[in-house]
Amino acid sequence: MAALAHSDDTPGVLDVHSLLRTIRNGLIVVVALSLIVVILTAFLRPLIASVKVDESVTTTLAQLVILVLPYIAYIAAGSAVRDQLSDHPLRAVLTALLATLVLFVVISIGHFVFHLGPFVPTSSLEMTFTEAEGGALVESLVPGGVAEEAGVQVGDLITAVRRDPVTSGTLSALIARSAEDSPFRLRIVRGGEETQLTVRTVLAGNDDLGKLLPGLVVALIVTAVAIFWPGQWTPYVILLAILLPLLIGYFWLIIATFSYRTEGLIPLDGQGNVGGWTLNNWNFLFGADISGLNVSIWQITLNSLIIAVAMMVIVLLVSSMAGYALSRMNFAGRRAFLSFTLVLHGFPAVTLLIPIFFVMSYLGKVPLVGEFIGFNKPVGISLVMVAFELPLGVWLMKGFFDNIPWDIERSALIDGASRWRTYWEILLPQIRPGILALGIFAFIGGWNAFLIPQTYSTGAGTINLPVFLRQLINETAPVNWNQVAAVGMFQLIPVFIIFIFAQEYLLNIYAGGTKGSS
Amino acid sequence: MEVKIENLKKQFGQVIGVKDLDLNVRDGEFVALLGPSGCGKTTTLLMLAGIYKPTDGTIRFGDRVVNQVQPRDRNIGMVFQSYALYPHMTVFGNISYPLKLKKVPKQEQMERVERVANTMGIGGLLDRRPGQLSGGQQQRVALGRALVKEPDILLFDEPLSNLDARLRLTMRSEIKQLQNRLGITAIYVTHDQVEAMTMADRIAVMNQGVLQAFDTPEDLYDRPKTLFVAGFVGNPPMNFADVSVMAEHGGFTARNESIRLQVPAERGQKAAAAGKVRMGIRPEDIHVVDEGDAVTAEVVIVEPLGRDAMLDVRFGSDQFLVLADPQKHIRAGDQVKLHFDMDSVQFFDLQSERSLLWN
């Protein structure tokens, strides 16, 4: 007891207890993860293989665990000393680094024994070579190795593999990338004469201890980062990692619209060199007829806008009034209406496409208004989508009205307002966040609508942006994807702008409301 | 403005909200509608406001029948429990809203709002929003909004329930003073009898949609006409015991198996003929005494109230509440002697539950 207290109090350079504890932490990680690998490879894989399923998941997982195992062990060692950091910083760092060194040795021995990590067997021609003029000069041969057996001699100059000229560097890379037992037809210059020899690669154990040194440096760096890592960053880093695929998508969209073509995220020009920045993809804004439909992009944008605005206005008007009536008034069939609306909300729109077509073509024959609301007219098209959007809107608005206390409405009536005026001046301002949210949803729904406009618009005059985008993706001719990306980007711009300005309302959806009245 | 309610009835589907209500409120009078929750008092108020239409009966403001008159044409002001302020308007906007709807000129609106706001002590808050005000300030704004259009009748729906106890006390006297000064007829719904007793000129006690009594606070307390009123009015509530009142030795005695009490002749006379009756006596009329002609009881619970200690005592099958001097240091389990002051004892008929003394 006394000895223990003594060792705790002494601010020595190293505390053996703490060092052992840190190493123990790391070893627990090593053992635990190794166990997982063993379970994956020795039990799960045969089990799955026995039912004759071709699978690579266990292998991949096992490889992944083997790959990250050392780093997790070092991180464990680093984190183990974090609580001592403020009291004895030097001792904490030394403890962690020493523990890491021990763990590194243990792990390296494991790697060596099981031929893992740096000791994983690689393809080899069982010879060494150096850089020389015109190719790779053979320096030494493994006695009895594949190269010697094929007839390669020290001093040979390897100029090419098949017909591709090689240097020592490219040859090493080729060998490393090749699978086991792949043939290398070497073009060799020996004593001024050129011959050809075929050597097949073998898997050779890799026992180059020199490779361990960079590994150790990385291990110590990982440990140091783990010691000083600001803990509050961890959630952000994890979230960012999850978010990355999405971000990359948007990143690609932006790069693609401004480049000739792209390979992955790298913009390329016609010759395949990095670069190739261009504004040509945006030519459609200035009258370039990229679809062959001979219609101005602004006409199409206007159609999109008409559909979106009409949808927003009608949805807001109808749902707010219907929501009010359903929330505040008692009339025959109210309950039935409510449940029916809910059913309608779940109704698949596609099944109604053909009957709606008949309705629309009859509407088109109505004098005067038929000009606007019939088949192949933007407002008519938006009317169809309004019908599909209304059930949701009515329910949403009813919910918002339900949350306004009755007393406020009664108070307005007693103060002298008519029912209309109460609705307009007292109730609507209180559900402003709801109105804004529904309006934005309806607008964006109309702006991005594809199925209904695609079905009920023929010819170029009435199509909207999403339909136009679809027209660009031609089945028979090559598609200029960068141009498609540019049009898609163009369609996205208003949505971005709306969200930038409206997110405050969308986020503060609870703020305005009926706060302060109670 | 006089308010006359005749035979008023309100039915929601099968549920009866208010049944055969008759009530006359005099001009300038402060009337409280008192009752437990669900008794129909708020329903009555909303019918007066014009929010609910009566199923039957008539409501008259002065000589005008207002059954079908819209709320805005009744010239009433109303204050709600939740204040019902318009959260998107400033205090000025809230108070001036009734004037704006009446199309009062802007200049006059400003003057009247300012005058009312100053009366209510919220003159400095006119550009705030309700969300930025405390409960008491919101209440004042609501009151100001009700007063600004100079209504003929003021309706209150439990306006003080959401305030803390101390603020409730000050607001109580403020509202009463204001009403007194302005002379506006006021109808005030509450379930708090202290509020009703302190503020109202007359109290209408309601229970299950039926008017139980309509009297001054003193009459309700000293001369309750029904058993419900006797039990509902007064805190702590009246004690009840079933007794028989008999003429004995030239006087009257109320007795059951555990008590035997002398009753004043004038009260005993009225109760003696009825056989078994329910006797009511208020906690403050029972005294803990050291000796004398007394009932012995066991103390079950002692609740210190500060000025008094409330004792829950048991004798025979009866359990009574008694107020005692806290200096006596009575504890639960003690035996105490009780003296009953029978001068204000009440007697009720067991079947009709009506008072035998005051009908």
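Over all chains, a search of the whole structure finds 23 salt bridges, a salt bridge being a side-chain nitrogen of Lys or Arg within 4 Å of a carboxyl oxygen of Asp or Glu. This is a predicted model, in which local features need pLDDT of at least 70 and side-chain atom pairs count only at pLDDT 80 or more, while totals for chains, interfaces and linings use all residues. Residues are numbered from 1 along each chain as its sequence is written, chains are lettered from A and ligands numbered from 1 in the order in which they are written, and side-chain values use heavy atoms, with hydrogens and water left out.

One salt bridge joins the side chains of A:R200 and A:D181, at 3.7 Å from N to O. The pair links distant parts of the chain, 19 residues apart: A:R200 is in strand β7 (residues 193-200) of chain A, and A:D181 is in the loop between α6 (168-177) and β6 (183-190) of chain A. Helices (H or I, at least four residues) and strands (E, at least two) are DSSP runs, numbered from the N terminus.

Between chain A and chain B the count is 2 salt bridges. In a salt bridge of 3.7 Å, N to O, the side chain of A:E425 meets that of B:K100. The elements giving two or more residues to the side of chain A that touches chain B are α14 and α15 (419-430) of chain A. Of these, α14(A) supplies the largest share, 8 residues. That side of chain A divides into 7 nonpolar, 9 polar and 6 charged residues; Ala, Val, Leu, Ile, Met, Phe, Trp, Tyr, Cys and Pro count as nonpolar, Asp, Glu, Lys and Arg as charged, and the others, Gly among them, as polar.

The contact (heavy atoms within 4.5 Å) takes 22 residues from chain A and 25 residues from chain B. The two chains bury about 2,100 Å² between them, 59% of it on carbon and sulfur atoms; buried area is the accessible area (1.4 Å probe) that two parts lose on being put together, summed over both. In chain A, the residues that lose the most area to chain B are A:R410, A:I414 and A:D415, together 32% of what that side buries.

Helix α14 (residues 406-415) of chain A also gives the largest share of the lining of the largest pocket, 4 residues. The lining has 18 residues, of which A:R328, A:W406, A:R419, B:I51 and B:Y52 lie nearest the pocket's centre. By class, the lining residues are 7 nonpolar, 4 polar and 7 charged.

Two backbone features remain, in chain B. The peptide bond from B:N235 to B:P236 is cis, with omega near 0°, and B:P236 is in the loop between α8 (227-232) and β11 (239-248) of chain B. B:N7, in strand β1 (residues 3-12) of chain B, has a positive phi of about 55° although it is not a glycine.

Note on methods
On a 1 Å grid over the protein atoms alone, a cavity is a set of points where a 1.4 Å probe fits but cannot get out, and a pocket is an open set with protein on both sides within 12 Å along at least five of seven lines; lining residues have an atom within 4 Å of a point.
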